[in-house]
Structures are given as structure tokens and as C-alpha cells.
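Come and read along with me.

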Amino acid sequence: MGEYESAVVPAVDSTAADIADMRTRGAATIADAAAQALETQARASEATTPEAFRSELRAAARTLYETRPTAVSLPNALRYVLRGMEGETVPELRAATIARAEAFQRDLAQAQSTLGEIGANRLRDGDVVMTHCHSTDALACLEAALEDGKAIEAIVKETRPRKQGHITARRLRELGVPVTLIVDNAARRYLDDADHVLVGADSIAADGSVVNKIGTSGLAVNARERGVPVMVAAQTIKLHPDTMTGHTVEIEMRAAEEVLSDAERSDVTGGKPDDQNLRVANPAFDVTPPRHVDAIVTERGQFPPESIVTLMRELFGETTGEPWEP
Ligand SMILES: O=C(COP(=O)(O)O)[C@H](O)[C@H](O)COP(=O)(O)O
């Protein structure tokens with residue numbers, strides 16, 4: 001344990017646990033919660049020297065960062081807040097960090113609503129949209145289209161194993177959108193009824209590849225074959241700066257129990273739950289190549305995936321490095 005890790009406040013640990021256990025989930029929501037946790041750390045810090053304050057905030061950032069590896073919005077949020085940690089005294093550092101975290105959360109909400117308005121322009125009155133998982137950025141596009149007075153229907157993929165499609169279906173029903181909920185395996189059949197596939201992203205790589213919930217890439221391949229355009233709604237916080245220098249995005253592997261309960265395992269193994277030759281693979285995300293994506297919609301406009309790198313260079317320069325690095 002580093003010198004300052006013990007000074008990380010319980011609220012940061014509980015935010016980290018909520019992210020790791022997916023009580024807080026979805027890339028934008030994770031980023032928002034992480035910024036909020038750094039703000040809480042800044043407010044609660046009992047550091048008496050600027051060096052101790054900075055170290056505590058970095059330790060908090062590291063605790064948050066180590067929860068889920070795939071969504072780049074998390075390190076991007078941490079990096080953004082820590083870069084604003086400026087000042088010569090503890091009160092100055094505290095005030096600057098709090099202001100920066102608050103600005104981040106405001107900008108995040110604003111970016112989502114701007115993105116929604118841009119994405120809504122792609123949707124016409126009467127369109128049917130197929131969704132996968134639950135993405136607040138994707139829903140922002142649908143919400144803006146509804147506000148424009150367009151009638152929209154949705155085909156919502158259940159999204160195994162965690163069934164985030166239920167969250168999407170609930171939210172869409174709250175908005176008055178007629179929903180057809182389907183199991184993931186029915187997606188190809190129902191693509192014939194869809195005018196768009198609309199998904200979010202956890203990370204977007206410099207070559208325009210989209211990292212999103214497992215099953216997105218298969219959906220995109222089928223949609224391309226069926227001639228249904230694939231639209232990815234992703235705030236620029238989803239752009240992965242490290243991929244500009246050749247790094248790949250780590251795909252999170254989650255617990256076997258999400259796929260197979262203990263009782264099911266016992267059933268499958270004929271009462272031998274310790275059978276080492278029954279393995280469960282549970283990747284949370286996959287990578288959709290740019291050729292299967294029609295448009296990436298951000299708060300800075302809509303981009304063909306191949307040109308997203310120009311936006312990345314503009315926003316991040318050549319930035320890499322871990323968020324907690326001084
Ligand atoms: O893949 C997921 C969520 O996966 P999980 O449920 O494993 O977190 C979402 O499509 C993206 O995170 C975008 O969401 P948003 O648009 O809300 O950032």
C-alpha cells in the first residue's frame with residue numbers, strides 16, 4: 001500500500017466498489033461518478049501539505065481506475081480532474097480540484113445533450129431503431145428525436161448476460177416509445193424491421209474501431225449485410241488517446257457466475273461443480289471494426305469512423321500517461 005492510500009476516503013472506496021460490481025455502470029455514468037468521488041476526496045482530505053494532498057488525490061484516482069479496464073471515460077475523467085489540481089496551498093488545491101470536478105460533470109451532461117441533438121438529425125419520423133445494451137449517449141439521441149416531435153419505435157436487444165436491455169426498455173417506455181424486446185439471437189431476424197442500429201461506446205480507437213458491449217460487433221456485421229446503418233453515439237470522452245500510439249484496449253473479462261449460476265454449473269457438470277474442464281468465458285466487450293460502422297456521433301459533430309483520429313489529435317494532442325502521473 002502506498003503512503004497515501006490509507007487516506008483515501010470511504011466514499012471513494014464505495015464508488016470504486018459500485019463500479020466494479022456494476023451498480024454504477026455505463027461509460028458516461030462511470031466517468032461522472034469518478035469525478036464526483038475525486039471531488040469528495042478533495043473536500044474530505046485532511047492533508048496538511050500540498051504534496052500530501054496531491055498524493056491522496058492520486059491514490060484515490062488509482063483506486064477508481066483499477067475497477068474496470070475497458071471504458072476509457074474513466075481514466076479520461078480522472079486525468080481531466082487531476083490536471084486541474086493547481087495551487088500552492090492545500091486550500092487552493094482543494095478549491096481548484098472541486099471546481100474542476102464540477103466543471104467536468106457539467107460539461108459531460110452538456111456534451112450528452114448536444115450529441116443527442118446531432119444524433120437525432122439522423123432519425124426520421126416513423127423510424128425503428130435497434131439498440132444493444134444500455135447507453136445514455138444512445139438514449140440521448142432518441143430523446144432528442146422525440147423532443148423534435150418524431151415518432152420512434154425501438155427493438156431492444158436483451159443483452160446477455162446482465163440484461164442491460166431491460167434498463168433501455170424501461171427508459172424508452174418512460175419516454176412513451178413502443179418497445180419490442182428480443183433475445184440477442186433474434187437480432188438478425190428483426191434487422192429487417194429496423195431503420196438504424198444505435199449503440200453507445202466504451203472506447204473508440206484511433207482507427208475508428210468501436211469497443212462496446214459484447215455482441216455489438218456481431219450486430220454490426222449483420223446490420224451491414226442487411227443494409228441497416230450503424231450509428232454509434234459517443235461523447236468525445238470515449239475517445240481513447242493511448243490508441244494513437246498503438247496501444248490496444250484491454251477487454252474486461254467478468255466472472256463466470258454472470259453466465260452460469262452455481263446451481264446451473266452443478267447441473268451441467270452432473271453434480272461435479274469443481275470440474276476444471278468446464279470453463280466459462282465472459283468477455284464484457286468486443287471490438288467493431290470501422291468498416292461496419294456508418295457514423296460516430298459526438299458532441300463535436302458526426303464523423304465517419306476513419307476520420308475520428310483527427311478529432312482525437314485535436315482534443316488530446318499526443319497525451320498519454322496514467323491519470324495519476326504528476
Ligand atoms: O457497453 C455499455 C455498457 O456496458 P456495462 O453495462 O458493462 O457498463 C454501453 O454501451 C457503454 O458504456 C456506453 O454507455 P453510455 O452511453 O451510458 O456511456
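My entries on the ligand follow, in the order I looked things up.

**Ground rules.** I worked on a predicted model, where local features need pLDDT of at least 70, side-chain atom pairs count only at pLDDT 80 or more, and totals for chains, interfaces and linings use all residues. I numbered residues from 1 along each chain as its sequence is written, and side-chain values use heavy atoms, with hydrogens and water left out.

**Who is around the ligand?** I found 18 residues around the ligand, and Arg25, Ala28, Thr136, Asn212 and Lys213 come nearest. To be near, a residue needs one of its heavy atoms within 4 Å of the molecule. The shell divides into 6 nonpolar, 6 polar and 6 charged residues; here Ala, Val, Leu, Ile, Met, Phe, Trp, Tyr, Cys and Pro count as nonpolar, Asp, Glu, Lys and Arg as charged, and the others, Gly among them, as polar.

**Where does the ligand lie?** I see that domain 1 (5–113) and domain 2 (122–250 + 283–316) both give residues to the shell, so the ligand lies between them. The domain bounds come from an automatic or database domain assignment.

**Which oxygen distances did I look up?** A polar side-chain atom of Arg25 is 2.5 Å from a ligand oxygen atom. For Ser135, a side-chain N or O atom is 2.7 Å from an oxygen atom of the ligand. For Asp202, I noted 2.8 Å between a polar side-chain atom and an oxygen atom of the ligand.

**How much is covered?** Taken alone the ligand exposes 450 Å², and the protein buries 100% of that. These accessible areas come from the Shrake-Rupley method with a 1.4 Å probe.

Terms used:
A polar contact is a pair of N or O atoms within 3.5 Å; within protein, one must be able to donate a hydrogen and the other to accept it, and residues adjacent in sequence count only if both atoms are side-chain atoms.
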